[in-house]
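Subject: Handover of a structure, with notes

Dear colleague,

I am passing this structure on to you, and my notes on it follow below. Please read them with the coordinates open beside you.

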Amino acid sequence: MLGAGGVGLTAVLTACSGYGQPTADQATTEASESAAPSSAPEETGSGSGGGSEPKGFTTTADIPEGGGKVFKDEKVVVTQPKAGEFKCFTSVCTHQGCDVEGVEGGTINCPCHGSKFNIADGSVANGPASKPLEEKTIKVDGDSISLA
């Protein structure tokens, strides 16, 4: 009797363990749908394999000479202090971690407490920040700018 009860319990537990999981037919359909090619373009890695180069997050034309632009998604600010010279810094203010908001008058400006940083080297132009913005490495390839 105990043997028959154990077999029944095993059958119940086996049936419950698959609850909420797709059947074999559903799993096959889902796997083939996820393997379907995407219509969205893909970016490639380092570009050393003969494929297309990755696209940058901005272009040189988007960065005004003597100014710059903040890129919130990348958490950087790109500047062009002189024609054809592009610099990149973290967009996080060194004072209290606020995100800088814009570039104007030759400085990168933080809206929280008024700190300003030089567009040429990220040094402090006006406190309360006492440390410069961290410089980031970028790659300028033709008119495309990307993080290196």
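This is a predicted model: local features need pLDDT of at least 70, side-chain atom pairs count only at pLDDT 80 or more; totals for chains, interfaces and linings use all residues.

Two strands are taken to pair if DSSP finds at least two bridges between them.

In general, strands of a sheet pair through backbone hydrogen bonds, in either a parallel or an antiparallel manner.

The hairpin of strands 2 and 3

Strand 2 and strand 3 form a hairpin that has four residues between its strands, and the two strands, which run antiparallel, are joined by five bridges. In one of the pairings, phenylalanine 71 has valine 76 in strand 3 as its bridge partner. Strand 2 is largely enclosed by the rest of the structure, because four of its five residues are buried.

The loop between strand 2 (67-71) and strand 3 holds lysine 75, whose phi is near 60 degrees, a positive value in a residue other than glycine. Most residues other than glycine have a negative phi, and most peptide bonds are trans. With a relative accessible area of 41%, lysine 75 is partly exposed.

Further along in strand 3 (residues 76-82) is glutamine 80. Is glutamine 80 buried or exposed? Its relative accessibility is 8%, and because buried means under 20%, glutamine 80 counts as buried. A polar atom of the glutamine 80 side chain lies 2.6 Å from the backbone oxygen of isoleucine 63. Leaving aside neighbours within four places in sequence, the residues in contact with glutamine 80 include Ile63, Pro64, Phe86 and Ile119.

Nonpolar cores

The largest nonpolar core has 13 residues, of which Val77, Ile108 and Phe117 touch the most other members. Apart from this core lies another, of eight residues, including Val76, Val78, Phe86 and Ile145. Not counting residues up to four places away in sequence, valine 77 touches Lys69, Val70, Lys87, Cys88, Phe89, Thr90, Ser91, Val103 and Ile108. Cysteine 88, one of the residues that valine 77 touches, is itself buried, with a relative accessible area of 1%.

Strands 5 and 6

Glycine 102 lies in strand 5 (residues 102-104), and asparagine 109 lies in strand 6 (residues 107-109). When residues up to four places away in sequence are not counted, glycine 102 touches Val70, Thr107, Ile108 and Asn109. The C-alpha atom of glycine 102 is separated by 9.7 Å from that of phenylalanine 71, which is 31 residues apart from it along the chain. Asparagine 109 is buried, with a relative accessible area of 16%, and its contacts, leaving aside neighbours within four places in sequence, include Val100, Gly102, Val103 and Lys116.

Cysteines

How many disulfides does the structure hold? The structure holds one, formed by cysteine 98 and cysteine 112, whose sulfur atoms are 2.1 Å apart. The torsion about its S-S bond is about -110 degrees, so the disulfide is left-handed. The pair, 14 residues apart, links distant parts of the chain, with cysteine 98 in the loop between strand 4 (85-90) and strand 5, and cysteine 112 in the loop between strand 6 and strand 7 (116-118). Cysteine 98 is buried, with a relative accessible area of 19%, whereas cysteine 112 is partly exposed at 37%.

Cysteine 110 is buried, with a relative accessible area of 6%.

A cis peptide bond

Lastly, the peptide bond from glycine 127 to proline 128 is cis, with omega near 25 degrees. Proline 128 has its place in the loop between strand 8 (124-126) and strand 9.

With best regards

Terms used:
Residues are numbered from 1 along each chain as its sequence is written. Side-chain values use heavy atoms; hydrogens and water are left out. Buried means under 20% relative accessible area, exposed over 50%, partly exposed in between (1.4 Å probe, protein chains only). A polar contact is a pair of N or O atoms within 3.5 Å; within protein, one must be able to donate a hydrogen and the other to accept it, and residues adjacent in sequence count only if both atoms are side-chain atoms. Contact means heavy atoms within 4.5 Å. A nonpolar core is a set of buried Ala, Val, Leu, Ile, Met, Phe, Trp, Tyr and Cys residues joined through side-chain atoms within 4.5 Å. A disulfide is a pair of cysteine sulfur atoms within 2.5 Å.
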